[in-house]
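Work through the following exercises with the sequence and the model side by side. Each task is followed by a solution that goes step by step.

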Amino acid sequence: MSTVIDSNPLAGRTAVVTGASSGIGEATALRLAGLGATVAVAARRKDNLDALVERIDAAGGTALAVPLDVTDRDAVTAAAERVSAELGRADLVFANAGVQLVSAIDDLQVDDWQRQIDLNITGVMNTIGAFVPHLVAAAEAGGPADLITTSSIAATRVLEKFSVYSGTKAYLSQLTRLLRVELGRKMVRVSTVEPGMVDTELPDHVTDPDASKLMADLISDIDVLSPADVAETVAFIASVPRHVNLTEITILPTQQAI
Ligand SMILES: NC(=O)c1ccc[n+]([C@@H]2O[C@H](COP(=O)([O-])OP(=O)(O)OC[C@H]3O[C@@H](n4cnc5c(N)ncnc54)[C@H](OP(=O)(O)O)[C@@H]3O)[C@@H](O)[C@H]2O)c1
């Protein structure tokens, strides 16, 4: 997507992006920094994070690489302390790290089930647990505060063999509705983006041949989303006035019939 936001609406904001070493997270970190935010970038692949920080610095922005595994609660808590010490209180948290592993339920790929639950649910909860105090304090101080997650179209559509992945994403979409009740009162906005097919590394982890074909066909047959399209959406969520909460945004390639 060509960019639709201009100037520096995020100047003075401090953002944290998980899953920033590739795909949607990387593109979003770049875009948030381009719009004026200082950005902490988190994921496991330190080399990718360092390269991203260099790109942001070269473009005149400010970023900090925070290598971590979001399934490790102590590591995420330590990261929140580091962000606080080095960049200041976070007021925009994009809990985006996730993995999609597709299999028939009676194939009993229980390790894959667990990996998705650990990352897509526990990893997000660890991120929320570590950063909610930042967000509440930022809102109390009168500024904007955003908790944004990456759900998926799979949260609401029925895709055969996507059961566990879809379940983790349905959890995030429903969590958004529930957290708004508590955090909205405190002026913290809670949002989730539910993308359709985005051209990233996500399908590289899929071993099921039917699911791999489904995704490869979509990528070759239609103009799928780019990570930058989702990044612009996240940036927009964070850029609207403080009293406006875009809560659940479905973003699909125009031709994706699902
Ligand atoms: N691509 C799509 O079509 C699509 C559609 C709907 C929703 N989504 C969602 O979008 C989000 C981002 O995915 P993507 O498409 O951008 O795919 P991606 O390029 O594979 O990105 C996944 C990110 O998660 C990070 N990650 C994985 N395990 C982690 C861990 N234990 N701790 C910290 N970070 C970890 C990865 O970095 P490291 O490996 O370096 O840790 C990577 O930066 C996911 O939640 C995905 O479910 C994607």
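**Exercise 1. The ligand shell**

Of the 30 residues around the ligand, which come nearest?

Solution. The model is a predicted one, in which local features need pLDDT of at least 70 and side-chain atom pairs count only at pLDDT 80 or more, while totals for chains, interfaces and linings use all residues. Residues are numbered from 1 along each chain as its sequence is written. A residue is near a molecule or strand if its C-beta atom, placed from the backbone, lies within 6 Å of it. The residues that come nearest to the ligand are G19, G23, R44, R45 and G98. Turning to the helices (DSSP runs of H or I with at least four residues, strands being runs of E with at least two, numbered from the N terminus), α1 and α4 each supply at least two residues of the shell, and the largest share, three residues, comes from α1. By class, the shell divides into 11 nonpolar, 15 polar and four charged residues, where Ala, Val, Leu, Ile, Met, Phe, Trp, Tyr, Cys and Pro count as nonpolar, Asp, Glu, Lys and Arg as charged, and the others, Gly among them, as polar.

**Exercise 2. Two helix pairs**

Describe how α3 is placed against α4, and how α1 packs with α7.

Solution. Axes are lines fitted to C-alpha atoms, for helices over the stretch in contact, and angles run from 0 to 180 degrees between N-to-C directions. The axes of α3 (residues 73-86) and α4 (residues 110-140) come within 8 Å and cross at roughly 25°. The two helices are therefore roughly parallel, since angles under 35 degrees count as roughly parallel, over 145 as roughly antiparallel, 65 to 115 as roughly perpendicular and the rest as oblique. On the α3 side R73, V76, T77, A79 and A80 meet N126, T127, A130, F131 and H134 of α4, contact being taken as C-beta atoms, placed from the backbone, within 7 Å. The residues of this contact divide into five nonpolar, four polar and one charged.

For the second pair, α1 (residues 23-34) and α7 (residues 227-239) have axes 8 Å apart and pack at an angle of about 50°, so α1 and α7 are oblique to each other. From α1, the residues G23, I24, E26, A27, T28, R31 and L32 meet P227, A228, V230, A231, E232, V234 and A235 of α7. This contact is made up of nine nonpolar, two polar and three charged residues.

**Exercise 3. Positive phi**

Where does L108 lie, and what is its phi?

Solution. L108 is in the loop between β4 (92-95) and α4, and its phi is positive, about 50°, although L108 is not a glycine. Most residues other than glycine have a negative phi. With 10 C-beta neighbours inside 10 Å, L108 counts as exposed.

Methods
Two residues are in contact if their C-beta atoms, placed from the backbone, lie within 7 Å. A residue is buried if 20 or more other C-beta atoms lie within 10 Å of its own, exposed if 12 or fewer, and partly exposed in between; C-beta atoms are placed from the backbone.
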